[in-house]
Amino acid sequence: MSGVVIIGAGPGIGLSVARRFAREGWSVAVVARSEVKLTAVAESLAGVPVFARAADSTDETALRSALDAVSERIGVPDVVVYNAAVIRADLPGELSVAGHQDAWAVNVVGAITAAAHVAPAMARRGSGSFIITGGMPEPKPAYVSLSLGKAGVRALVGLLDEQYGPAGVHVATVTVDGPVAPGTAFDPDDIAEHYWRLHTQPRHRWEREVVHSTHGRARAAEEAGADSIVADLVGAWQTAFDDRRWSDIVSLFAEDAVFQGLTPSLLVGPAEISAYYHAVPNGFRATAKVLHATALGDGIVAGFADATFTTPTSEPRPIRLSIIAQRIADRWLIRQYHAAALS
């Protein structure tokens, strides 16, 4: 069973991230300095087995010990979310040296400790995600220590990506540009979707930073961007086509999808789409490139791609694909597909 550990678990983003991964059937482990917070998080995840361990993220020995205990319980985590932070207002020169050091220890050094402890094991396994909650996309004089800390987080993500990315570890930050509160543009449940999407991104689409800003509640079309959504769907279609995995292609379509291939027939639904692909002769392969994509509305995107079909014995056949996709139950599925020959 897959496992996620959240360091700095609390009633906001930490709890929402725990819920998001638990919804997928994952094991959940939470680490926080406060036993009270751990108890509250565990109680809020009613019906979900939660392994809780108290540790201060600035205490290297305690944090490493907590992570060892987590690994003993759920194995090497598939995802580690570092969510600890010191958030306070302070003007230039207002905070003492000790105050800056304390803030830096939580905002940056704790993340270094956690990454150094779990990322090597992820790299040996060849997979995993290490995601840090960030903030302050632009430095603000009213939040000096936080601005410096979050700049440090960006630098750290780059360094960790350089070291562990080639071995299959996705290192990223979710930058939250505003106060987190339920029912607002910064609803923690909306923000939690970023963490799940980052972990499930195919490697060729990895992002190092996602910014959750004031453009309204995050939706998947805004999170991933229409380009990423369409590229992922077209890429999955091409791979499955080349491997003749017709059931995988059909799984990309909604139950009531409308399909117009290179035959005159208008098809509707999985059964008819499956029959279409099962009639494709052996030897056909496809290459595809997304030309343009756009968000049409909340949870709806559209895009165009050029594709070329080839066989060992025939001339390449270029076509233009157009698709409309919709977010349905946390998945993007094709609702309308049209192929037109270009020559």
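## Surface patch, parallel sheet and aromatic pairs

Leucine 148 has its place in helix H5 (residues 144-164), where helices (H or I, at least four residues) and strands (E, at least two) are DSSP runs numbered from the N terminus. The model is a predicted one, in which local features need pLDDT of at least 70 and side-chain atom pairs count only at pLDDT 80 or more, while totals for chains, interfaces and linings use all residues. Residues are numbered from 1 along each chain as its sequence is written, and side-chain values use heavy atoms, with hydrogens and water left out.

With a relative accessible area of 47%, leucine 148 is partly exposed, because that class lies between buried (under 20%) and exposed (over 50%), with a 1.4 Å probe and protein chains only. Together with Trp104, Val109 and Ile112, Leu148 forms a nonpolar patch on the surface, with about 340 Å² of accessible area together. Such a patch is made of residues with over 30% relative accessible area and no salt bridge, nonpolar side chains being joined within 5 Å and like charges within 9 Å; a salt bridge is a side-chain nitrogen of Lys or Arg within 4 Å of a carboxyl oxygen of Asp or Glu. Helix H4 (residues 97-125) gives the most to this patch, with three residues.

An open sheet of seven strands runs in the order E3-E2-E1-E4-E5-E6-E7 with parallel pairing, two strands being paired if DSSP finds at least two bridges between them. Its edge strands, E3 (50-54) and E7 (209-212), each pair on one side only. Strand E2 (residues 27-32) pairs with E3 in the parallel sense over five bridges, and alanine 29 stands opposite phenylalanine 51 in E3.

Aromatic rings of Phe, Tyr and Trp (its six-membered ring) pair if their centres lie within 6.5 Å, and planes under 30 degrees apart count as stacked, over 60 as edge-to-face and the rest as tilted. By this rule the count comes to 15 aromatic pairs, including the two below.

| Pair | Centre to centre | Between planes | Arrangement |
|---|---|---|---|
| Phenylalanine 21 and tryptophan 26 | 5.0 Å | 70° | edge-to-face |
| Phenylalanine 259 and tyrosine 277 | 5.7 Å | 75° | edge-to-face |

Phenylalanine 259 lies in strand E8 (residues 253-260) and tyrosine 277 in helix H10 (residues 269-278), so their pair ties together parts that are 18 residues apart in sequence. Both phenylalanine 259 and tyrosine 277 are buried, and they belong to one aromatic cluster that also includes Trp237, Phe241 and Trp246. Phenylalanine 21 is buried with a relative accessible area of 0%, and tryptophan 26 counts as buried at 10%.

Key:
Areas by Shrake-Rupley, 256 points an atom, 1.4 Å probe, with all protein chains shown as cover.
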